[in-house]
Amino acid sequence: MKRSLLTLAAVLALAAPTALVHAQATKPATNTSKLKVGLMLPATGTFAALGTAIENGFKLYITEQGGKLSGREIEFFKVDDESDPSKATDNVNKLIKRDNVDVLVGSVHSGVAMAMARVAKDSGTLLIVPNAGADAVTGPMCAVNIFRSSFSNWQPGFAMGQVVAAKGHKRVVTIAWKYAAGDESVKGFKESFEKAGGQVIKELGLPFPNVEFQALLTEIAAIKPDAVYTFFAGGGAVKFVKDYAAAGLKRTIPLYGAGFLTDGTLEAQGADAEGVLTTLHYGDSLTVPRDAAFRLAYAKTFKLQPDVYAVQGYDAAQMLGIGLAAVKGDLSKKAEFAAALRKAKIDSPRGAFTLNAAHNPVQDIYLRQVLGKENKVIGVASKSLADPGRGCRM
Ligand code: PHB
């Protein structure tokens with residue numbers, strides 16, 4: 001026994017210096033190969049326009065940097081995730097195993113993002129989430145290589161609960177898609193609203209991406225609550241706002257929502273959205289210098305007005321740039337990459353933000369009101385709001 005231990009020690013002592021020399025010899029001083037970015041976003045379905053805005057925003061930042069980050073040219077690989085969680089694991093594995101991407105950027109839908117986070121955690125691949133708010137991604141699923149440039153579902157909901165309570169509403173009905181994003185948005189709302197003395201008297205829901213709202217709107221009319229809180233986005237949000245007005249509810253029961261309800265949707269919603277109050281980390285009339293420059297560049301490049309999704313895509317690219325600069329383009333240095341982002345102040349068009357310990361933005365949540373074709377910022381609903389990051393152990 002003693003002898004074999006000694007032998008083992010001798011072998012290790014001999015092998016160690018050799019291994020070290022070998023590692024040093026094969027490691028390049030700086031990595032100048034192309035950086036492969038896997039964009040996993042919806043190109044079809046109710047969230048298609050959101051995916052386009054994220055990609056536009058991301059690419060705008062890369063173009064502003066001359067097409068390179070830390071000296072590495074960027075090469076894009078894309079999959080349409082269809083906002084379908086059941087296809088998400090296969091889709092993310094295509095990017096990792098077939099395309100060999102260095103970084104994953106995605107997605108919009110919370111269920112898809114959770115599948116991506118699972119794979120990212122297991123494989124160690126860097127993941128930046130440019131929209132999906134799934135609380136778990138920066139909660140129990142948090143990891144050194146997972147970051148979010150957007151929000152947690154809890155954030156806009158929690159901020160709106162305080163606003164609706166301050167308006168004096170007591171009895172509120174909620175209506176949302178029944179999946180992580182809708183459920184968690186309502187949960188955040190309920191947490192602060194009930195703490196302030198209000199009561200959620202009924203939680204209505206329908207499966208994503210259904211838009212058959214009629215029976216539920218009839219139920220709301222019968223209950224006659226003081227107000228309604230809602231989570232819908234993209235094409236579904238357009239239809240919900242129009243159906244709410246057509247049912248005659250807009251005149252009698254005030255409608256509140258997480259800001260996705262009216263972001264990137266106002267052209268299609270028209271007068272039916274007028275006056276609606278929402279909470280979000282972005283708006284159309286900010287006086288942030290970085291926002292003015294961003295909006296001008298975005299409109300010029302894409303012949304489109306930017307929205308919250310475009311900002312989140314832009315900031316995902318900025319975050320990648322900050323991390324890469326700190327590790328001189330070497331993504332294997334995960335702890336250093338994360339350390340740089342944890343201490344960074346990210347100069348976003350929404351206003352500067354930082355990350356909490358679980359890598360979710362700590363940011364102002366604005367109160368906005370639809371006026372014409374704008375989500376006009378009329379105040380700050382919650383200053384520097386940090387997601388509690390419940391369940392995150394890193
Ligand atoms: C989500 O699924 O997390 C989600 C989707 C669309 C939004 C916001 C959140 O606009």
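# Exercises on cores, spaces and a disulfide

The lining of the largest cavity is made up of eleven nonpolar, four polar and no charged residues. The model used in these exercises is predicted.

**Exercise 1.** State how many cavities of 30 Å³ or more the whole structure has, and which residues are closest to the centre of the largest cavity.

Solution.
- Step 1: The search of the whole structure gives one cavity of 30 Å³ or more.
- Step 2: The space in the largest cavity is about 90 Å³.
- Step 3: Its lining has 15 residues, and those closest to the centre are V108, N131, F151, Y179 and F231.

**Exercise 2.** Describe the largest pocket by its volume, its lining and the elements that contribute to the lining.

Solution.
- Step 1: The largest pocket holds about 540 Å³ of space.
- Step 2: It is lined by 26 residues, with G264, T265, Q305, P306 and D307 closest to its centre.
- Step 3: Two or more lining residues come from each of α2 (48-64), α8 (234-246), α9 (266-269), α10 (289-302) and β14 (374-385).
- Step 4: Helix α2 supplies the largest share, four residues.
- Step 5: Sorted by class, the lining of the largest pocket contains ten nonpolar, nine polar and seven charged residues.

**Exercise 3.** Find which residues of the largest nonpolar core touch the most other members, and list the contacts of L320 beyond its neighbours within four places in sequence.

Solution.
- Step 1: The largest nonpolar core has 93 residues, and I220, F232, F240 and L320 touch the most other members.
- Step 2: Helix α11 (residues 308-326) gives this core its largest share, ten residues.
- Step 3: With neighbours within four places in sequence left aside, L320 contacts L35, V37, F58, L69, V103, L126, I128 and F337.
- Step 4: There is also a second, separate core of 27 residues, with V79, V92, M114 and A136 among them.

**Exercise 4.** Identify the disulfide, determine its handedness, and decide whether C142 and C392 are buried or exposed.

Solution.
- Step 1: The count is one disulfide, and it joins C142 to C392 with an S to S distance of 2.1 Å.
- Step 2: The torsion about the S-S bond is about 85°, so the disulfide is right-handed.
- Step 3: C142 sits in the loop between β5 (126-129) and β6 (146-148), and C392 in the segment after β14, so the pair ties together parts 250 residues apart in sequence.
- Step 4: Buried means under 20% relative accessible area. C142 is buried because its relative accessibility is 1%. C392, with a relative accessible area of 16%, is buried too.

Key:
Residues numbered from 1 in each chain as written. Predicted model: local features only at pLDDT ≥ 70, side-chain atom pairs only at ≥ 80, totals over all residues. Heavy atoms only, no water. Core = buried A, V, L, I, M, F, W, Y, C linked by side-chain atoms within 4.5 Å. Buried < 20%, exposed > 50% of the residue type's maximum accessible area, 1.4 Å probe, protein only. Contact = heavy atoms within 4.5 Å. 1 Å grid on protein atoms, 1.4 Å probe; cavity = no way out; pocket = protein on both sides within 12 Å on 5 of 7 lines; lining within 4 Å. Points joined across faces, edges and corners; volume = space filled by probe spheres on them. Nonpolar A, V, L, I, M, F, W, Y, C, P; charged D, E, K, R; others polar. Disulfide = S-S within 2.5 Å.
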